[in-house]
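Visitor: Could you take me through one part of this model up close, and then show me how the rest is arranged around it?

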Amino acid sequence: MEKLTSKTKVLCTKAKMNFSSRHQSTVDIDEAQLIEDTKIPEYYLGDFNTPVKEGIKAPKFPVLVFINSKSGGQLGVQLLTTYRGILNHSQVFDLGEKSPDQVLHTFLGNLEKLKAQNDVVAAEIRANLRIIVAGGDGTAGWLLGVISDLKLENPPPVATVPLGTGNNLPFSFGWGKKNPGTNRESAKKFLFQVTKAKPMKVDSWHVIMRMRIPTEGSLDPLPPLELPHSLHAFKRVSQSDQLNEEGYHTFRGGFWNYFSLGMDAQVSYAFHAERKLHPERFKNQLVNQGAYAMIGWSQGWFVASLTHPSSKNILELTKVKVANHHGLWEELHIPRSIRSIVCLNLPSFSGGLNPWGMPNDKKSRERGLTPPFVDDGLIEVVGFRDGWHGLAILTPNGHGTRLAQAHRIRFEFHKAATKHTYMRMDGEPWKQPLPTNDDTVTVEISHFGQVTMLVTENRIAKSIHDAKDSIATTEEEAEVEEEIGDEDEIELRRKFGAASTFKIDADHID
């Protein structure tokens with residue numbers, strides 16, 4: 001009877017969400033009021049030659065809109081035109097023309113100057129500012145990296161428009177995974193949802209890549225390789241930076257959705273390479289998804305036991321270590337058959353799949369595994385054997401091989417039978433060279449703070465506060481905070497380098 005009651009509650013909740021979503025889509029939007037609530041006066045956008053009208057009021061939900069015009073085929077360009085027709089032209093930015101760090105630094109700096117002059121409207125705009133970013137997951141990660149680097153006292157929350165292929169970030173937070181309409185009505189509806197959305201804290205993950213400096217030649221993952229969009233966050237650390245270790249080259253970056261290693265990243269790399277060669281074939285989200293599946297087949301992801309040499313299995317490529325409760329590294333057991341590892345922050349991977357699932361079986365409880373929350377300081381580590389194993393996620397209670405939940409994880413690569421492997425961050429893959437002698441490549445992932453996202457009631461992302469009635473604060477949770485590191489270490493890990501290194505690739509289509 002209890003199970004039936006619980007199931008009924010779930011069904012009722014889903015029905016309520018669906019009804020609310022349908023009701024919201026049919027509600028009449030007062031366009032004049034919407035514009036008044038979201039439009040920022042020209043004066044506060046830096047046009048100080050524009051006179052300030054007497055009695056001007058601050059918009060309730062001022063927004064800055066960043067659009068990757070190269071995303072979604074022609075959708076990015078169309079959205080740019082539509083939003084500029086609704087809002088002030090100067091509050092809608094093409095990321096191909098202006099980088100978000102330049103825009104935010106100037107805009108927020110102007111607001112601070114006006115606040116210092118006791119400008120109440122400027123103070124209200126700063127306090128209530130919201131940001132919209134339209135593009136793929138890589139574009140959203142770019143903006144989140146910039147906001148993190150600015151270290152703002154009250155960072156503006158971010159809403160994501162799904163213009164990519166997978167759209168895991170928008171889907172996680174209730175903004176959907178299908179490319180949106182680009183007409184005025186669709187844009188108005190999205191703006192209306194932004195005014196109603198609620199903020200949610202989301203964990204950020206810092207990546208440090210170190211490789212031993214070879215005695216001859218150069219082991220450098222940047223030139224001549226063409227790095228993907230998100231890896232522009234990997235900034236070569238200066239010799240004076242405390243993150244450096246003697247005898248090593250050091251790079252850094254970050255992600256919010258996932259980091260993956262192995263065959264799934266190889267398939268993604270092949271897809272991106274094909275799209276760059278023939279961009280005219282990838283103008284539609286549905287076509288892109290079909291092409292991705294076909295490339296997966298051609299790469300042997302579904303017959304990996306026959307086509308994928310065991311030398312490229314994770315166990316043969318790298319040692320994987322996680323930090324224990326005392327901050328000491330412990331080697332993680334990886335089954336020999338695992339060909340791909342995903343370090344997952346959000347409950348959405350490859351266009352909406354949840355590799356971790358909801359661990360409620362006895363074995364998971366004995367291992368201390370928990371449901372995935374986006375703000376618990378834990379990253380879920382999942383393994384896959386092949387494409388068929390991945391498809392198991394589609395079944396009821398399906399999931400990948402749950403390997404660990406951790407605050408820090410480390411991959412150590414030594415000389416192997418293969419010269420390279422494939423890695424991927426937030427949908428953006430790259431081909432990573434591996435040591436050919438006694439060199440070492442390490443990739444270390446650690447929790448380093450949080451960003452604020454805007455979410456709708458259709459979100460699938462869960463917060464630890466959603467279950468606060470059933471989750472008690474314990475001494476163990478207090479130890480978890482200490483695990484992340486002391487204040488000095490946290491500060492060292494806080495900067496992505498995104499604000500000064502992220503750039504749009506002229507040929508990149510997110």
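Guide: Let's start at P156, which sits in the loop between helix 6 (137-150) and strand 4; helices (H or I, at least four residues) and strands (E, at least two) are DSSP runs, numbered from the N terminus. The model is a predicted one, in which local features need pLDDT of at least 70 and side-chain atom pairs count only at pLDDT 80 or more, while totals for chains, interfaces and linings use all residues. Residues are numbered from 1 along each chain as its sequence is written, and side-chain values use heavy atoms, with hydrogens and water left out.

P156 has a relative accessibility of 3% and so counts as buried (under 20% relative accessible area; exposed is over 50% and partly exposed in between, with a 1.4 Å probe and protein chains only). Leaving aside neighbours within four places in sequence, P156 is in contact (heavy atoms within 4.5 Å) with R126, L129, I131, I147 and T452.

Helix 4 (residues 100-116) and helix 5 (residues 120-128) have axes 8 Å apart and pack at an angle of about 140°; axes are lines fitted to C-alpha atoms, for helices over the stretch in contact, and angles run from 0 to 180 degrees between N-to-C directions. The two helices are therefore oblique to each other (under 35 degrees is roughly parallel, over 145 roughly antiparallel, 65 to 115 roughly perpendicular, and the rest oblique). Their crossing is left-handed, meaning that the near helix is turned anticlockwise from the far one by less than a right angle, with clockwise giving right-handed.

Now to strand 4 (residues 158-162), which holds T160. T160 is buried, with a relative accessible area of 2%. Beyond neighbours within four places in sequence, T160 contacts V133, A140, L169, P170, W175, F190 and M453.

F190 in turn is part of helix 8, where R184, A187, K188, F190 and L191 meet T82, Y83, G85 and I86 of helix 3. The axes of helix 3 (residues 75-86) and helix 8 (residues 184-196) come within 10 Å and cross at roughly 70°. That makes helix 3 roughly perpendicular to helix 8, and the crossing is right-handed.

Stepping back, the protein has 17 helices and 17 strands, and buried residues make up 53% of its 510 residues. Among contacts with a separation of 6 or more, 78% join residues 24 or more positions apart.

A word on confidence: pLDDT is the predictor's confidence in each residue, from 0 to 100, and its mean over the protein is 76, with 66% of residues reaching 70 or more. Confidence is highest in strand 1 (residues 63-67), at 97, and lowest in helix 15 (residues 475-483), at a mean of 34. Over residues 469-495 the pLDDT is below 50, and this stretch has 34 contacts in the model beyond near neighbours in sequence. Where pLDDT is low, the predicted coordinates should not be read in detail.
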